[in-house]
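Here are my notes on this model, as numbered points. Please read them with the coordinates open.

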Amino acid sequence: MTDASVPTDAAAVLEVEPVAAAQLFGAQIETARSFTNELARRGEELGLIGPLELPRLWTRHILNSALLAPLLEARGRVADVGSGAGLPGLVLAIARPDVHFTLIEPMERRVDWLTSEASRLGLANVGVVRGRAEDVSDAIVVDQVTARAVSALSKLIPITVPLVRSGGQLILMKGARVDEEIEKARKVILRNHLADVEVLELGEGVVEETTRVFRATVD
């Protein structure tokens with residue numbers, strides 16, 4: 001499904017909304033559609049997504065992010081590190097209006113986008129902080145941290161752990177080589193007192209391309 005507000009050149013190549021979208025977003029599907037269409041309309045111009053992403057925007061980015069929604073604690077507090085275009089932070093905020101999200105992003109242009117989209121979509125459960133995770137950890141303590149395509153686990157774990165309360169979780173979206181990343185990050189995992197380390201594969205039977213997630217508890 002496309003929106004009339006999307007220019008014809010974008011609408012011509014924007015991926016048709018998959019059936020799974022309504023299943024994943026439920027009552028929030030109209031908001032998800034609005035965000036997806038606005039990202040399709042302005043994403044390339046703002047440097048948020050590349051021009052080749054439109055034909056797979058729903059499946060590779062929107063649904064890929066939404067698969068994390070069931071992993072979030074009810075009425076919890078989540079920090080999304082390196083939110084960029086709002087993936088997964090804004091998508092999850094749409095899917096889980098009961099959860100409060102702090103979107104952490106260092107680039108001013110992306111901060112402006114995140115702030116304006118949260119306002120336009122009426123997402124009262126979103127706050128945006130400009131900065132790097134390591135620079136704001138003194139001011140932010142949350143139940144869970146999410147991140148997508150930020151950096152390797154060996155670098156990502158040390159900057160995300162300080163944001164999480166004891167007993168909270170890291171929920172980090174990773175690629176097909178996540179097991180290799182875990183092996184390389186063994187010392188970092190031990191040094192940061194992570195427990196219950198596991199890799200989840202989400203979306204089987206729902207989407208064509210499943211999502212791999214590194215999940216661990218901060219001891």
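1. The lining of the second largest pocket divides into 5 nonpolar, 1 polar and 3 charged residues. This is a predicted model. Helix H4 gives the most to it, with 3 residues. The volume of this second largest pocket is about 170 Å³.

2. The largest pocket has a volume of about 690 Å³. Its lining takes in 38 residues. Nearest its centre lie His-61, Leu-87, Arg-148, Ala-149 and Val-150. By class, the lining has 14 nonpolar, 13 polar and 11 charged residues.

3. Which elements give two or more residues to the lining of the largest pocket? They are helix H4 (57–66), strand E2 (100–105), helix H7 (133–136), strand E5 (164–174) and strand E7 (211–218). H4 gives the most here, with 4 residues. H4 is also the element that gives the most to the lining of the second largest pocket.

4. Leu-87 deserves a look for its backbone as well. Its peptide bond to Pro-88 is cis, with omega near 10°. Most peptide bonds are trans. Pro-88 sits in the loop between strand E1 (77–81) and H5. Leu-87 itself is among the residues nearest the centre of the largest pocket.

5. Ala-149 is another residue to check. Its phi is positive, about 55°, although it is not a glycine. Most residues other than glycine have a negative phi. Ala-149 lies in the loop between strand E4 (142–148) and helix H8 (153–160). Is Ala-149 buried or exposed? Its relative accessibility is 72%, so it counts as exposed. Ala-149 is also one of the residues nearest the centre of the largest pocket.

6. With a relative accessible area of 53%, His-193 is exposed.

7. Helix H3 (residues 29–42) passes a length check. At 1.5 Å a residue, its 14 residues should span 20 Å, and its end C-alpha atoms are 20 Å apart, which agrees. Buried residues in H3 are Ile-29, Ala-32, Arg-33, Phe-35, Thr-36, Asn-37, Glu-38, Leu-39 and Ala-40.

8. Val-111, Trp-113, Leu-114, Glu-117 and Ala-118 are buried in H6. Seen down the axis, these buried residues fall within an arc of 160°, so they line one face of the helix. An α-helix has 3.6 residues a turn, so residues three or four places apart point the same way.

9. What covers that face of H6? The elements over its buried residues include H3, helix H5 (89–95), E2 and strand E3 (126–130). Just after H6, Gly-122 takes a positive phi of about 70°.

Technical notes
Residues are numbered from 1 along each chain as its sequence is written. This is a predicted model: local features need pLDDT of at least 70, side-chain atom pairs count only at pLDDT 80 or more; totals for chains, interfaces and linings use all residues. Side-chain values use heavy atoms; hydrogens and water are left out. On a 1 Å grid over the protein atoms alone, a cavity is a set of points where a 1.4 Å probe fits but cannot get out, and a pocket is an open set with protein on both sides within 12 Å along at least five of seven lines; lining residues have an atom within 4 Å of a point. Grid points are joined across faces, edges and corners, and a volume is the space filled by probe spheres set on the points. Ala, Val, Leu, Ile, Met, Phe, Trp, Tyr, Cys and Pro count as nonpolar, Asp, Glu, Lys and Arg as charged, and the others, Gly among them, as polar. The expected span of a helix is 1.5 Å times one less than its number of residues. Buried means under 20% relative accessible area, exposed over 50%, partly exposed in between (1.4 Å probe, protein chains only). The arc is that of the directions from the helix axis to the C-beta atoms. Contact means heavy atoms within 4.5 Å.
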